[in-house]
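Please load the structure in your viewer and keep the selection panel open. We will go stop by stop.

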There are 2 protein chains.
Amino acid sequence: MQSTQDSIKNSARVTIADVAREAGVSKGLVSFALNDRPGVAAETRTRILKVAGALGWTPSLRARSLSSKRSFALGLVIARDPEVLGSDPFFTSFIAGVETVLAPEGLALVLSVVPDEETELQTYRTLVTDGRVDGVFLSDLRIDDARIQCLADLGLPTVTLGRPDQPSPFPAVSIDDTHGIAESVRHLAGLGHRRIAHVAGSPAMLHGSRRQDAFTSAMRAAGLGDGQVVETDFSIAAGADAARRLLSQPQPPTAIVFASDPMAIAGIGVAQELGVRVPEDVSITGFDDIEFARYIYPALTTVGATPLVWGRAAAITLLGLIRTGSADDVDLPAARLVIRGSASVPPPTEH
Amino acid sequence: MQSTQDSIKNSARVTIADVAREAGVSKGLVSFALNDRPGVAAETRTRILKVAGALGWTPSLRARSLSSKRSFALGLVIARDPEVLGSDPFFTSFIAGVETVLAPEGLALVLSVVPDEETELQTYRTLVTDGRVDGVFLSDLRIDDARIQCLADLGLPTVTLGRPDQPSPFPAVSIDDTHGIAESVRHLAGLGHRRIAHVAGSPAMLHGSRRQDAFTSAMRAAGLGDGQVVETDFSIAAGADAARRLLSQPQPPTAIVFASDPMAIAGIGVAQELGVRVPEDVSITGFDDIEFARYIYPALTTVGATPLVWGRAAAITLLGLIRTGSADDVDLPAARLVIRGSASVPPPTEH
DNA sequence: CTTGATGCCTAAACCGGTTCAGGCATCCGC
DNA sequence: GCGGATGCCTGAACCGGTTTAGGCATCAAG
């Protein structure tokens, strides 16, 4: 009978009950010992641990999830057109940063890519009712963002990537991007540019409008007026259109500050196509310092973001929030300008 | 007492037991009715469903996971340097395609980004012992890929992206990329190029070596010898290096076929930096048709991949495999050449 | 009128953990 | 020597589903 049982056991999962029987204690005590909780004699605890190790016991995530009402996973919902998404390396790096924190803790990342905001809200609701995640990262903050209220109503622990423009019950992990934009403007002004334009991101998105404000402020501070601004939706196509419009004017700007690298790269492409030399005829700066920035010609002068670091910080903050119930805002070091070849002195032939 | 219970119930989850009590049947029968299983009278079934709807019952994924030993999630493990990963829009589009299948089914995608292969294998093991996923997508197939055996040993349902070079127990969802490379070579040969080089991807990766073979075959078929080949690791940096080496030769090629768009874009950058005009002095083709390809200058002639479609197909196949225990290989339409401005007739000044 | 099959349903075990009430010693102070 | 606190441990309930064994009618076949 026993040998039969043994051979059966081989194919079955080792449970906490097996450990308890083998160690001669109760199931409950095994659970206590395994979770480092007080109320277990030191000697008993080591014996239980030894037995568990010998038996090759592994906790069942599923059972743990059910009884502890946790899921040991974090969620990230991305609402973007897949086409646009692909060109933006932000998320892959961000996720890689998140993983460096999650993996050692045995936590998983649940990722959703959805087409629009309505679906996104629905996805959050599903994640909660399914108990799929213990918390989420909220990215791509928008002006008057409906998702904040939605997540607050759902009671889902959340960390926002950036500080919302509205009262938010959630900790924010932010990186100051206005500084980098200001630096770009100062850099260009210092090179002698006076007609500097800005290809802004979407004004509906917080980082879009913030960068745009930073641009205007910096222009004024430099005594260069408000500067021409073209608003886009952050897509490459829109960036290219904006560049075409700016450069086709009777008196085009001598420098363009783009709100993102993909748009800036498209801008360089448009300039070249129009026969406008970069940086001789027009200087161009970007934002993000994506890998391509180094490898196109001329290499892109841009503001270096650090999505990997951001991911780490956000993950650490979210874990803290989940475990302790509260977490402080985190401010990452401001993004700095990386000077390369796409920005130079303005053309001398200016009247 | 009842009103007290009612108010308590408000804050608690509606369980299958509540439905059973309200409908005047047993828990088991409710489960049967909810899962469309035979053995429930039609009238009883509708009554149970109505009660469940009225009570706002939602199945507990966690409880379902525990008892049914499924996790209702699929996994994707990506082993790449995050830096390299960011420039490659493949995965984001692929994931978006996967999501279109998963979301309506109420399934989730668990994503891992790991730094190296050893960690990747460990991640698969963890996913299995944790019962975190019901199946995985295996991407970036390598020559003599150790992961196949690992996944087979783990008994984890898997779909491979592409057909492995070894016996594999898993269904493969493939797209023929050799055709596109051949088309590229024929296109260039047709334009009059005779010295065509290939910047290959990693020879350790299946799609790298396959494209390289396709290049060589196509060259021979066109009567142009083997063609010069430089192997890389698919990184942008390596692509740039390769282009620099090729173009700095005494007799540089008049056309370069790159194994990926990011490398091709870097190649165009290098050419411009060296004062080599594209396409006048050197023609360049890529592979993938990433969004940037359209927006750089000159616009990239490249082979159009369809990662979104691939994601959909892979997800459908994996679901089929999980549900029925087997699935057939799927062959997606071959990737086709997209002709843009980066490839043109070779320079006439050739001796 | 039995026998057996079939259809509908119940009760209870089960998945594998967590948690809580309480039992029994032991040790403390008074 | 006694009441109470403390430490260690057990047993059982619990999380919320799925699944199986079996009970009871009903109905067709023999």
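Predicted model: local features only at pLDDT ≥ 70, side-chain atom pairs only at ≥ 80, totals over all residues.

Residues are numbered from 1 along each chain as its sequence is written, chains are lettered from A in the order in which they are written, and side-chain values use heavy atoms, without hydrogens and water.

The whole structure holds 4 cavities of 30 Å³ or more (a cavity is a set of points on a 1 Å grid over the protein atoms alone where a 1.4 Å probe fits but cannot get out; lining residues have an atom within 4 Å of a point).

Select A:Ser71, A:Arg132, B:Ser65, B:Ser71 and B:Arg132: of the 21 lining residues, these lie nearest the centre of the largest cavity. Its volume is about 250 Å³, meaning the space filled by probe spheres set on the grid points.

Next, select H13 (261-274) of chain A and H13 (261-273) of chain B, the elements that give two or more residues to the lining of the second largest cavity (helices are DSSP runs of H or I, at least four residues). That cavity has about 100 Å³ of space. Among its lining residues are A:Gln272, A:Tyr297, B:Gln272 and B:Tyr297.

Finally, select residues 236-247 of chain A, helix H12, whose 12 residues reach 16 Å from first C-alpha to last. Which residues are buried in H12(A)? They are A:Ile236, A:Ala238, A:Gly239, A:Ala240, A:Ala242, A:Ala243, A:Leu246 and A:Leu247, buried being under 20% relative accessible area (1.4 Å probe, protein chains only).

Notes:
1 Å grid on protein atoms, 1.4 Å probe; cavity = no way out; pocket = protein on both sides within 12 Å on 5 of 7 lines; lining within 4 Å. Expected span 1.5 Å × (residues − 1). Buried < 20%, exposed > 50% of the residue type's maximum accessible area, 1.4 Å probe, protein only.
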